[in-house]
Structures are given as structure tokens and as C-alpha cells.
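Biologist: Hi! Could you walk me through this one?
Modeller: Happy to, let's have a look together.

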Amino acid sequence: MADDLVSFTESQKRKLEKERAEIFREQESEVSIDHKTRQTIEEVMEEPDQTVYDHAQCHVCYVMYQDCYPRFLVSNFLNALLMSRD
């Protein structure tokens, strides 16, 4: 189903981007991460380097892959967008 996004019209892509932007505006700026990830960051912060947030980034991507993306694929919004394309 994600491959269908490639064939969207520019109008549909703008509509999807508008919805994405609205979702982000509604969210708080902090990201909820698990205790282990937070602890890893705190340990690295004692001597920070350019990789300080790599573990957190991997964790967020994992959560998105396991939770957010599958929910998006079955969302009413995406289904309506796909139906409007036909």
C-alpha cells in the first residue's frame, strides 16, 4: 500500500502533507522514549559526542515501524486518500 503513495497527484501529495503538518502541530515537542533509551542517553551525555542521540533515533524509528506506520496503513485518512485517487 505504501507504494501507492508514489503515484499520487501533486494535489493529493499536498493534502497528505497538510494533514502531516497538522498532526505535528498538535503534538508536544518531546518524544516519549523508554527508560533504557533515556538511561543510555544520560550515560553518553557524561562525555557527549556526535552520536549522543543515535540510540534514541533508532528507538523512535523502531516504534514508528512497529506501531505508527501500521496504524497509518489502515487509517481512514489513507483509505480515503487512496479512494479519491481512483
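Biologist: Which residues form the negative surface patch?
Modeller: Glu42, Glu43, Glu46 and Glu47 form that negative patch. Patches use residues with over 30% relative accessible area and no salt bridge, like charges being joined within 9 Å. This is a predicted model, where local features need pLDDT of at least 70, side-chain atom pairs count only at pLDDT 80 or more, and totals for chains, interfaces and linings use all residues. Residues are numbered from 1 along each chain as its sequence is written, and side-chain values use heavy atoms, leaving out hydrogens and water.

Biologist: Where does Glu47 lie, and is Glu47 buried or exposed?
Modeller: Glu47 lies in the loop between helix H2 (35–44) and helix H3 (54–73). Glu47 is exposed, with a relative accessible area of 70%. Buried means under 20%, exposed over 50%, and partly exposed in between, with a 1.4 Å probe and protein chains only. Helices are DSSP runs (H or I) of at least four residues, and strands (E) of at least two, numbered from the N terminus.

Biologist: Switching topic, how many salt bridges does the structure hold?
Modeller: One. A salt bridge is a side-chain nitrogen of Lys or Arg within 4 Å of a carboxyl oxygen of Asp or Glu. Here Arg71 pairs with Asp67, their closest N and O atoms being 3.2 Å apart. Both lie in helix H3, four residues apart, about one turn of the helix.

Biologist: And what is the secondary structure of the chain?
Modeller: Four helices and zero strands.

Terms used:
Patch = residues over 30% accessible without salt bridge, like charges linked within 9 Å, V, L, I, M, F, W, Y side chains within 5 Å. Areas by Shrake-Rupley, 256 points an atom, 1.4 Å probe, with all protein chains shown as cover. Lys, Arg positive; Asp, Glu negative; His and termini not counted. Charge placed at Lys NZ, Arg CZ, Asp CG, Glu CD.
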